[in-house]
Amino acid sequence: MARTEQAQRYVGGGVLRKEDPELLTGQGKYTDDIVVPGMVWAIVVRSPFAHARINSVDTSRAGGMPGVIAVYSGADLASEWAGPLPMAWPVTEDINNPPHWPVAKDKARFAGDAVAVVVAESRAQAKDAAASVEVDYEALDPVVGVEAALRDGAPLVHDEFGTNKCYTWPLADGEVDDVFAKAPVVVKERYVHPRLIPNAIEPRAIVVQPVPSQGEFTMWSATQVPHIAKVTLSITLGIPESKFRVIAPEVGGGFGSKLQVYAEEAICLAVARRLGRPVKWVEERSENYLATHHGRGMIQDMEVAATEEGKLLGVRAKMLVDMGGYLQLVTPGIPLLGAFLYAGPYSAECYSVEFTGVFTNRTPTDAYRGAGRPEATYAVERIMDALARRVGKDPAEVRRMNFLPPFSEPTPTPSGLSFDSGNYEATLDKALELVGYDELRKEQAARRESKDVKQLGVGLSTYIEMCGLAPSQVLASLRYVAGGWDSATIRCHPTGKVTVLSGATPHGQGHETSWSQIVADALGIPFDDIEILHGDTAVVPLGMDTYGSRSVSVGGVAIHHAAERVKEKARKIAAHELEVAEDDLEFADGKFQVKGAPDKAKSIPEVAFSAWTAHNLPEGLEPGLEETYVFDPPNFTYPSGAHICAVEIDTDTGKTEVVRYIAVDDCGTIINPMIVEGQIRGGVAQGIAEALFEEAVYDDNGTLLTSSMATYAIPSAAELPRFTLAGNVTPSSTNPLGVKGVGEAGTIAAPPAVVNAVIDALSHFGVTEIDMPATPERVWNAIQNAKGGSK
């Protein structure tokens with residue numbers, strides 16, 4: 001695909017982020033900073049039971065407390081809903097999709113389920129009154145694990161289905177059973193992904209301001225998806241879209257947890273409509289652990305067929321996926337985002353995966369950084385190490401012999417998709433060189449020989465991910481109800497400044513900087529003369545928002561195309577004013593200049609002024625210089641990379657320390673190296689956290705035991721090493737910028753790299769399996785079991 005030939009001045013440079021001065025000086029405005037005259041506060045009363053029938057809700061005592069304006073049960077608010085909360089991805093025709101009402105009316109289905117709402121003049125008054133709401137619960141037996149939920153006679157989360165199975169979704173290509181039956185080598189392992197609890201630095205927050213006389217509502221929300229929220233909440237509340245504005249101001253992180261349309265958003269809208277007053281709700285951190293959706297929660301039975309030399313022949317996997325108590329916005333579809341990647345960047349003759357979604361009495365799951373792709377990568381990278389052990393080869397050698405050959409155009413893969421570009425062997429070679437692989441292996445051998453208490457392990461992860469959620473027709477084939485497009489508008493003002501309206505909504509990614517770089521290069525406009533507007537559905541009506549590392553590969557490419565349209569119109573005006581044919585002009589150094597006579601030229605600001613005055617426009621051309629482009633990508637993008645982790649394990653205590661971490665990533669063309677580096681560092685930190693620290697633990701009653709930062713381990717900088725980062729660029733063939741995406745790369749690649757390193761450190765003891773997180777207790781027990789000791 002042809003790319004812009006104009007010399008680039010900003011793209012690829014480490015331009016400092018435009019966003020930072022405001023944020024670092026405390027000038028950023030978050031939802032919790034918003035105060036509206038006449039505003040009242042809402043507090044949600046939540047079930048302490050994982051599974052309980054709601055016999056009655058007595059609000060009389062709470063309603064009489066100081067400052068209390070109203071107290072509502074689920075039955076009280078039932079008339080406010082035109083429909084249940086949205087679920088936008090019914091992955092199969094026969095999916096069991098229960099209605100999810102913002103406030104439960106009949107049963108609580110997880111600890112934290114909303115059962116009542118208290119509204120008061122102040123937050124403190126609302127909290128005090130919430131403690132006085134009396135709910136008559138009839139405790140029911142809960143079902144906590146996915147395997148237990150599928151057993152005969154298990155308690156039913158949703159009685160109407162007669163089963164806890166939500167759906168089964170298969171994908172197969174090739175003669176899978178035949179290949180596995182005839183394969184000289186078959187390796188099968190089971191992997192468990194614990195639930196993870198997102199901890200964005202800013203908890204969720206909502207402010208709704210009604211205009212009762214007009215039936216209008218403005219909602220500020222700490223959300224990743226203001227455009228999606230507008231459409232779906234309009235349906236849930238029966239509010240005309242023309243009367244509903246959603247604003248995402250500064251958003252303090254999301255990691256997928258704010259890719260959601262939450263009950264509290266619907267509740268605040270309903271209460272504001274009923275009272276005719278602005279309503280505010282701000283999540284407390286303890287609520288975040290219970291009511292913000294969780295991530296992961298999957299059991300994988302993964303197997304590969306191979307030759308005795310270690311050449312892959314086939315991949316087969318079956319997954320059980322924890323849906324939780326309800327289906328949230330895209331809960332059922334999250335596993336499918338990794339469904340096509342269980343062969344990784346490797347060749348194979350056949351491919352089969354099957355996902356079974358299961359209801360449990362736990363917090364609903366949904367997108368969390370990586371969303372389906374970390375699970376797939378973990379399975380394939382773990383089993384590649386298992387295959388290497390089985391055939392007696394180095395893990396790097398087995399990977400290298402199975403890589404797809406280098407390619408720069410769409411290339412078919414075992415799962416049926418076509419990857420856009422890649423050179424996986426070169427990426428791995430760079431990572432091996434940077435980590436000093438041969439020397440590490442020598443040091444490892446020496447420590448084993450000397451029986452050092454601290455053993456060394458090396459783990460590899462050569463991942464591929466699917467980004468740029470993406471072509472709308474493909475999403476339709478997967479039964480996703482929305483599209484994969486995004487929009488951009490570029491408005492060139494007569495004063496020479498430029499405003500860009502982007503449908504992608506950032507929450508820390510640096511869009512204002514990256515988008516300005518793209519436009520500055522495309523139009524020859526100074527970087528500081530470009531303003532980026534986003535996150536407000538009244539300002540930017542068209543958008544599909546930010547998630548799945550789609551921002552640059554969809555939103556950024558839309559901006560590129562809008563800039564090309566601006567140049568196309570500007571060329572007509574410049575040619576008319578310079579009295580030459582359009583073909584006689586070339587665009588260089590930010591100007592349309594006559595070929596062979598560069599002194600005869602017009603810049604974009606000059607043309608913008610002419611377009612505004614409209615004194616001398618070509619016949620039939622409208623005044624103004626403003627263009628919009630809605631980009632629907634023709635394919636996904638496929639970032640890839642090689643991550644290598646070295647760990648030291650104290651065999652007396654089981655403590656694991658990451659001592660070296662190398663990440664070589666191919667995210668296509670890089671717009672801003674500093675932003676890319678920041679994304680990778682943050683992603684790797686989250687991936688290491690998943691591998692070694694984080695796990696949402698429930699007891700048999702469905703009570704969350706890791707319900708605060710005191711019990712849910714989140715690493716700080718002190719627990720992490722310095723990361724060595726490098727790149728290997730193969731431009732994407734999917735879009736003219738050649739970009740792929742990078743926001744989730746580190747989180748996808750790191751867990752198997754770390755766990756493979758832990759197992760490698762202990763492999764000479766006979767350890768071949770450790771579940772995540774590899775806590776000191778688990779590691780110590782694995783050592784003792786391998787040695788024949790007791791726990």
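Here's my spot: which is alanine 614, judging by its relative accessibility: buried, partly exposed or exposed?

Guide: Alanine 614 counts as partly exposed, because its relative accessibility is 31%; buried means under 20% relative accessible area, exposed means over 50%, and partly exposed is in between (1.4 Å probe, protein chains only). A word on what you're looking at: this is a predicted model, where local features need pLDDT of at least 70 and side-chain atom pairs count only at pLDDT 80 or more, while totals for chains, interfaces and linings use all residues. Residues are numbered from 1 along each chain as its sequence is written, and side-chain values use heavy atoms, leaving out hydrogens and water.

Back to your alanine. Alanine 614 isn't a glycine, and yet it has a positive phi of about 60°. You'll find alanine 614 in the loop between α17 (604–613) and β25. Those labels are DSSP runs numbered from the N terminus: helices are H or I with at least four residues, strands are E with at least two.

Phenylalanine 631 counts as buried, since its relative accessibility is 6%. Setting aside neighbours within four places in sequence, phenylalanine 631 has contacts that include Trp485, Val557, His561 and Asn735; contact means heavy atoms within 4.5 Å. Take valine 557: it sits 74 residues from phenylalanine 631 in sequence, but the two C-alpha atoms are 7.2 Å apart in space.

Another non-glycine with a positive phi is aspartate 545, at about 75°. Aspartate 545 belongs to the loop between β21 (530–533) and α16 (551–578). This aspartate counts as buried because its relative accessibility is 0%. For one more backbone detail, look at methionine 772 and proline 773, which are joined by a cis peptide bond with omega about -10°. Proline 773 is in the loop between α19 (745–762) and α20 (776–787).

Now for a sheet. Five strands make an open, mixed sheet, in the order β7-β15-β14-β13-β8; two strands pair if DSSP finds at least two bridges between them. At the edges are β7 (165–173) and β8 (185–196), each pairing on one side only. From one strand to the next, the twist averages 10°. Inside the sheet, β13 (residues 295–306) and β14 (residues 312–324) pair in the antiparallel sense over nine bridges.

Glutamate 303 is part of β13, and its bridge partner in β14 is arginine 316. Glutamate 303 is buried, with a relative accessible area of 12%. Beyond residues up to four places away in sequence, glutamate 303 touches, among others, Phe180, Lys188, Arg316 and Ile383. Arginine 316 also has its charged end over the ring of phenylalanine 180, 4.1 Å from the centre. Lysine 105 does something of the kind with tryptophan 101, its charged end sitting over the ring 4.5 Å from the centre. To qualify, NZ of Lys or CZ of Arg must be within 6 Å of the ring centre and within 35 degrees of the ring normal.

Rings of Phe, Tyr and Trp (its six-membered ring) pair if their centres lie within 6.5 Å, with planes under 30 degrees apart called stacked, over 60 edge-to-face and the rest tilted. Tyrosine 191 and tyrosine 378 make an edge-to-face pair, 5.8 Å centre to centre with 80° between the planes. The pair ties together distant parts of the chain: tyrosine 191 is in β8 and tyrosine 378 is in α10 (residues 373–391), 187 residues apart. Tyrosine 191 is buried at a relative accessible area of 0%, and tyrosine 378 is buried at 1%.

From α10, step across to α11 (residues 395–402): the two axes come within 9 Å and cross at roughly 110°. Axes are lines fitted to C-alpha atoms, for helices over the stretch in contact, and angles run from 0 to 180 degrees between N-to-C directions. So α10 and α11 are roughly perpendicular to each other; that label covers 65 to 115 degrees, with under 35 roughly parallel, over 145 roughly antiparallel and the rest oblique. Residues making the contact include Met384 and Leu387 of α10, and Val398 and Arg399 of α11.
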